[in-house]
Amino acid sequence: MRYVSTRGQAPEMDFAGVLLAGLAADGGLYMPQSWPRFSAGELKALRGLPYPELAAKIIAPFAAGSIEYIDLLAMCRRAYANFAHKAIVPLVQVDTNLYSLELFHGPTLAFKDMALQLVGHLFEHVLARRGEKVRIVGATSGDTGSAAIEAVANRKNIDITILHPEGKTSEVQRRQMTTVKADNVLNIAVAGNFDDCQDLVKAMFADEPFRAEMNLSAVNSINFARIAGQIPYYVYAALNLGAPEREVAVAVPTGNFGNILAAWAAKQMGLPIAKFIVASNRNDILTRFLDANDMSVKTVEPSLSPSMDIGVSSNFERLLFEFQGCDAALTAKTMADFRNSGKMAVEAPVWQAIGHQFKGYRLDDAATLKEIARFYAESQYLADPHSVIGLAAGRDCAPVGLPVIAAATAHPAKFPDVIEKAVGSRPPLPPHLSDLYDRKEIFTRAPADLHAVETLVWNFANRNQNA
Ligand SMILES: *Cc1c(COP(=O)(O)O)cnc(C)c1O
């Protein structure tokens, strides 16, 4: 499989190249040159397979030419081996036609583990073959950092440094990062806020000599390998609900648009998904777009579902590219105008075509609390403040009679304060994290200063020479 940039000015690459590169050199996002197709018969043959095997079969055509199937299968098995649920992604019925697809049984209790656990193995595999070593650096306000650390902890040829704003993440989030036992992990608590952390990471990437010497890399959400790792669970769930003979709808709590884009990719591959419901909190740029073709940037407001607090959904560019007929020049122009004006100009026919498949939904904080209490009372189902927006969206927006797969993106125990406010008690952490508060934390403090942070990263990279 070859990959092209949505902006058309970066070299084509294979899967391994896209994995290591992340963003395309022209600022665009990599997309497969064509979508692999599975016939109804081929899809049916996947029904009943253990999740890692199904995942390998779905991802294989994307990795073709880069990674042997036998290796991919082994990596899928290892990636999902330490999930806390035997089904990996259990599908739980919540209402007559409403199903919660639980994507939070991985090590950090959020759906990002689904792709990142696999991406960690893919990195190790590709780097070993190339004889290369990378140093991943990233900034986090909470969730992404722990999922990235868990994904690459103890993987060979990779170091990871995550910057978090000291005292500004929740204790669960901080401990999920700082208690991981692995000597390739460096946590830095920065005296500053999340923006300071992000600016420091950008400055390290912009420091060419440093970037080159350290071979810096990132595992951010625009990496196509992450999208690929999110397609299989939609296939798994839909097959369990009667696809390919029966259509389904999906409802997805959305931030950067990566998760729901993976569902759309599943449709291109042959899965009969009739409707895509984009669920958001008060940060509703996508809902405003779908309702009224108003993709205009507003200030991000904090909400009870912080992982969906975004101003711009970076993966939307991929959908735009597809609906604009894979015209990279047009996509590049649309994105440049968007950056300059703060409002995306999408032609009416393109907007209508998107609206034919996608529907927006929004829930504010007060309604989020009410819905948590309501699903708990009516179905004894405890949903976290992200997942519940997807469930409510599925219940309220799905076409009549179709089963809805609502993506449940975080474990309720990750947000004990919100849950307590909604239903009056705090959910316990699952067994594999029950001693989280007793584990030893390891991190280093630094001022919000580029030289100080680069020195820490450099010393960490050279730790064995200095020993
Ligand atoms: C990242 C995240 C989301 C948003 O997913 P996107 O792929 O960015 O749309 C939703 N819920 C949770 C819990 C997340 O961690």
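User: What makes up the lining of the second largest pocket, by class?

Analyst: The lining has 5 nonpolar, 5 polar and 4 charged residues. Keep in mind that this is a predicted model. The space in this pocket comes to about 260 Å³. Of its 14 lining residues, E150, T179, V180, K181 and R439 are the closest to the centre.

User: How do you know which of those count as charged?

Analyst: Asp, Glu, Lys and Arg count as charged. The residues closest to the centre include E150, K181 and R439. Those names are Glu, Lys and Arg, so they belong to the charged class.

User: Why is K112 called buried?

Analyst: Buried means under 20% relative accessible area. K112 has 18%, so K112 counts as buried. K112 is placed in helix 5, residues 112-130. Beyond its sequence neighbours within four places, K112 is in contact with T144, A147 and R226.

User: What does the UniProt record say about K112?

Analyst: The unreviewed UniProt entry carries the annotation "modified residue: N6-(pyridoxal phosphate)lysine" at K112. Such annotations may be inferred rather than shown by experiment.

User: Which residues does the record assign to "domain: Threonine synthase N-terminal"?

Analyst: The unreviewed UniProt entry places that feature at residues 2-80. Over this stretch the chain is 46% helix and 8% strand. Its end C-alpha atoms are 27 Å apart.

User: Why is helix 6 described as largely enclosed?

Analyst: 8 of the 10 residues of helix 6 (residues 143-152) are buried, so the rest of the structure largely encloses the helix. Among the buried ones are D143, G145, S146 and A147. The cover over them includes helix 5, strand 5, strand 6, helix 7 and strand 7. Just after helix 6, N154 takes a positive phi of about 65°.

User: Strand 9 is also called largely enclosed. How do you know?

Analyst: 6 of the 6 residues of strand 9 are buried, so the strand is largely enclosed by the rest of the structure. Both faces are covered. V248, V250 and V252 are buried on one side, and A249, A251 and P253 on the other.

User: What makes strand 9 and strand 10 a pair?

Analyst: Two strands pair if at least two bridges are found between them. Strand 9 and strand 10 (residues 273-280) have 6 bridges, in the parallel sense. That passes the cut-off, so they count as a pair. One link in strand 10 is V278, the bridge partner of V252.

User: Why are strand 8 and strand 15 called edge strands?

Analyst: The sheet is open, has 5 strands, and runs in the order 8-5-6-7-15 with parallel pairing. Strand 8 (216-217) and strand 15 (444-447) each have a single partner strand, so one side of each is left without a neighbour in the sheet.

User: How many bridges join strand 6 to strand 7?

Analyst: 6 bridges join strand 6 (residues 158-165) to strand 7 (residues 185-191). The two run parallel. T161 has L186 of strand 7 as its bridge partner.

User: T161 and H164 both sit in strand 6. Are they buried or exposed?

Analyst: The cut-off for buried is under 20% relative accessible area. T161 has 2%, so T161 is buried. H164 has 1%, so H164 is buried too. The contacts of T161 include I136, V137, V457 and F460, leaving aside sequence neighbours within four places. On the same terms, H164 touches residues including T140, R174, M177 and C197.

User: Where is the cis peptide bond?

Analyst: The cis bond joins A243 and P244, with omega about 5°. P244 is found in the loop between helix 11 (232-240) and strand 9 (248-253).

Key
Residues are numbered from 1 along each chain as its sequence is written. This is a predicted model: local features need pLDDT of at least 70, side-chain atom pairs count only at pLDDT 80 or more; totals for chains, interfaces and linings use all residues. Side-chain values use heavy atoms; hydrogens and water are left out. Helices (H or I, at least four residues) and strands (E, at least two) are DSSP runs, numbered from the N terminus. Buried means under 20% relative accessible area, exposed over 50%, partly exposed in between (1.4 Å probe, protein chains only). Contact means heavy atoms within 4.5 Å. On a 1 Å grid over the protein atoms alone, a cavity is a set of points where a 1.4 Å probe fits but cannot get out, and a pocket is an open set with protein on both sides within 12 Å along at least five of seven lines; lining residues have an atom within 4 Å of a point. Grid points are joined across faces, edges and corners, and a volume is the space filled by probe spheres set on the points.
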